[in-house]
Amino acid sequence: MEAAAQSHPLPLLQDIDPGVRRFLDARFRSAADLATASDVEAEIRGHCAGLEASISNLYVRLQEAAAAYSSCCEVAGSALRGVRGGLGALKASGSTGMPNTHEVLKLRAYYVYYFSSFVIPAFFRGWRRGGGEKGADAVRATPCSGLRGGESGDGQRVRRLSYTEMALKLDSLVGDIEDAVSSSVTGKLKSPVDNSEKTHHVAIGYLKNIEDLLASVTTTRPQWTRLLSSVDHRVDRSLAILRPQAIVDHRSLLSSLGWPPSLAGSKFSSIDSGKQAEIVNPLFSMRGDLKSKYSESFLALCNLQELQKRRKARQLKGHDVGNQLRQPLWVIEELVNPISTAAQHHFSKWAEKPEFVFALAYKIIRDFVDSMDEILQPIVDKANLIGYSCREEWISGMVIALSTYLVKEIFPKQIELLQESSSSSDAVSTAYQASVSWLSLVDLMISFDKRIQGLISGTGLLLMVKDDDSWQRISVLCVFCDRPDWLQVWAEIERQESLNKLQSAMDLEKNWSARIQGTMLEYDSDDCKSPLITSAVHQTLSLLIDRARPIPSITLRAEFIRMSAAPIISEFLGYMLRRCQEAEGLTALADDNAVLKVSQSINAARYFESTLTEWCEDVFFLEMENLLVNGEGGCIFQQEINHLKEFRVEWADKISTVILRGFDARLRDYLKNRRQWLEKSEGPAVSRTFIESLDYMQGQLSRLQGGLNAVDFVTVWRSVASGVDQLLFGGIFTSGIKISSDGVERLQGDLSVLFAIFSAWCLRPEGFFPRLSEGLRLLRIDEQQLKDGAFTDKNWLREYGIRHLTAADTEKITKNRVYDA
């Protein structure tokens, strides 16, 4: 053993392969495991035998693959010889003057393309499947074989040739782009100060050529989707390198220009005085090579964005994308972002003084806005970026930056202050302070928006149509578009503040007794007679509506008005209802003062109904008709208008009922005296009791005319006239009373007085007492003219002007007529 060990020394431990070492460690854990060494040796020998068998099998498969490869090479060589023959034939035909040289080159390119696209891939697919015959069959089945044998038609050949030509052209252009981008990156690595603007313009030129070709393919060959997708994918990879590099270069140039400028040293607390020093504008101080480089970089970014806009428009063609294609101007964003970041350093020091924040933001926008028009806008126009204004983009970018700061820093503190006020021991005082702070912030936002719109409209660039998307970009009130819960808080604060001011005004009785002078209804010439309190309510509603006008969203404007103004109308209507119910409960409206109270409320309801109707015809409210919060169409105040109308009609009807009730009470003795219609009157043919009843009714209506508006007074007296007509007709004509000729004369005299009273309010009062007039007409018909059954003849009734009485009524009246013998 020792001799064997000396002839074959054991390897050192560190020289043993780690895998072998792990194998031995697993088999021999202790000295007792050495007895199983023979079993381990047998296991190892078995593994070795299996590996040798696998090697033999692989050797056999390699020989078969080599034989298959040889067979396929012969078939491929045959195909290549066919291609060479075809090219020779094309060359020979070109020399005889058949196709021209350009067509020969196109056909040659076609053969090369199809050979590389079909023959070689088919060969290798067949070879991988493990058979020479399969590979040969695959090669024979390629489209080239069909063209080579003349089996395809001319049209198919032309289409394939066009596809090949376009693919090669696009591939060449994409390669140029990739080379340009690669050289630009390499140049930057070698020399960070290398001027890459020219390289960018070259690459962008290639990109525009590709986009022109792709747009043409999309229009003429939309079925070439794979070609379009492949090119777009490669272009996107190049753009993913080109755009960030162009932006980095542009930022480097801005930094060398001194952008952003220093904002220190100006006094923003006196922003309205016009005496503070303006911020130095580096765009105006550019000179020489630096100005040229910046202009080139600016133009490169504009061209790149215009190209990106064209590509998106082509890719999304046929889809409803709305305003999704529009993006902020990249070059202006690069100006806005650094200066807004610098401004936030100052904003953070004025967290308790938001007026300084708005002053600084406005100052920055104003001091740089002229340079946008004079220096940058011509470059944007040169890049054919249609629909972009540097002035609007600059203003929009700064406004959005300010809005973002408000959302992150200012409004959360306001919300926190409101929440603390609700849980504070001195809730009233702290709630008032929190509300004042919130409303002051909103006032600053509204004032800022007005000044910003002045910067735009002052140059004639104001948008013709303020669509929501465009308006939100230039308004800091857009913070409420993303946070409707904050809008609800704002509306609730405005509503509560307005109600607190109105409550004391509504409790003063003199505001109900005094009238507004000179208020006219739109369609009537008479004074509305509205109480003075309506002026205060009208002013409050107008202020709330004016607060809603700057909100840059039609939907949110409607919500704000519904949450703030509409509850005030409902509260005022409820107050008027309580006044009327109190008057009715005390005197049942039998007292003149009670009727006057109700009349004042009716006048106020009439005034607001007319006012709200006029408002709803304004364009501002017409825009909201289809965007109401509750999803119903019509005017935004339609529900309140309906409630006011119902209130007005209800209480006008109650006044009419009270007058008729008093008239009926005074008329009872007159109706009970049945003998008067058969007695011959020696004096005037007028009943005294009836005149007294009419005097009461005339007095009530005259006083009401002085206190009630003209429209509702017409409703009241017409209702009273209808009630009197029904009351007298039922008490005299259809109650079975016998009436002689003298009674007819008495009745005619009484009714003439009645008609004379109402002639003060209409030209033909008989028309408002149709049954009394027609009943009297029947009583005056001579006995000879009255035939048996004539009251059932419609033609006979129409001949005598009887249109409102039924056959039963005419029968009763004619039977109760007593003629003298």
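**Rings and charges in a predicted model**

Me: Which residues do ring pairs link into a cluster?
Reply: In this structure, which is a predicted model, ring pairs join F713, W717, F755, F758, W761, F768 and F769 into a cluster.

Me: And how many aromatic pairs does a search of the whole structure find?
Reply: Searching the whole structure gives 31 aromatic pairs. One of these brings together W490 and F560, whose ring centres are 4.5 Å apart with the planes at 45°, so the pair is tilted.

Me: Where do W490 and F560 sit in the chain?
Reply: W490 belongs to helix α17 (residues 484-507) and F560 to helix α20 (residues 554-587), so that the pair links distant parts of the chain, 70 residues apart.

Me: Are W490 and F560 buried or exposed?
Reply: Both W490 and F560 are buried.

Me: What about Y670 and W677, how are those rings arranged?
Reply: The ring centres of Y670 and W677 are 5.7 Å apart and the planes stand at 85°, which is over the 60 degrees that marks edge-to-face, so the pair is edge-to-face. Y670 and W677 are both buried as well.

Me: Which ring does the charged end of R666 sit over?
Reply: The charged end of R666 sits over the ring of Y696, 3.8 Å from the ring's centre. In another contact with a ring, K654 lies over the face of W651, at 3.9 Å from the ring centre.

Me: Switching to salt bridges, what's the count?
Reply: The count comes to 32 salt bridges. Among them is the one between D232 and R311, with the closest N and O atoms 3.2 Å apart. Because D232 lies in helix α9 (residues 225-257) and R311 in helix α10 (residues 288-315), the pair ties together parts that are 79 residues apart in sequence.

Me: Is D232 buried or exposed, and what about R311?
Reply: D232 counts as buried at 10% relative accessibility, and R311 is also buried, with a relative accessible area of 3%.

Me: What does K363 pair with?
Reply: K363 forms a salt bridge with D367, where the closest N and O atoms are 3.3 Å apart. The two are four residues apart in helix α12 (residues 354-382), so about one helical turn separates K363 from D367, and both of them are buried.

Me: How far apart are N and O in the R483 and D485 salt bridge?
Reply: The side chains of R483 and D485 meet at 2.7 Å, N to O. R483 counts as partly exposed at 32% relative accessibility, and D485 is partly exposed too, with a relative accessible area of 35%.

Me: Which residues do salt bridges with shared partners join into one network?
Reply: That network consists of E211, D232, D236, R311 and R314, joined by salt bridges that share partners.

Conventions:
Residues are numbered from 1 along each chain as its sequence is written. This is a predicted model: local features need pLDDT of at least 70, side-chain atom pairs count only at pLDDT 80 or more; totals for chains, interfaces and linings use all residues. Side-chain values use heavy atoms; hydrogens and water are left out. Rings of Phe, Tyr and Trp (its six-membered ring) pair if their centres lie within 6.5 Å; planes under 30 degrees apart count as stacked, over 60 as edge-to-face and the rest as tilted. Buried means under 20% relative accessible area, exposed over 50%, partly exposed in between (1.4 Å probe, protein chains only). A charge sits over a ring if NZ of Lys or CZ of Arg is within 6 Å of the ring centre and within 35 degrees of the ring normal. A salt bridge is a side-chain nitrogen of Lys or Arg within 4 Å of a carboxyl oxygen of Asp or Glu.
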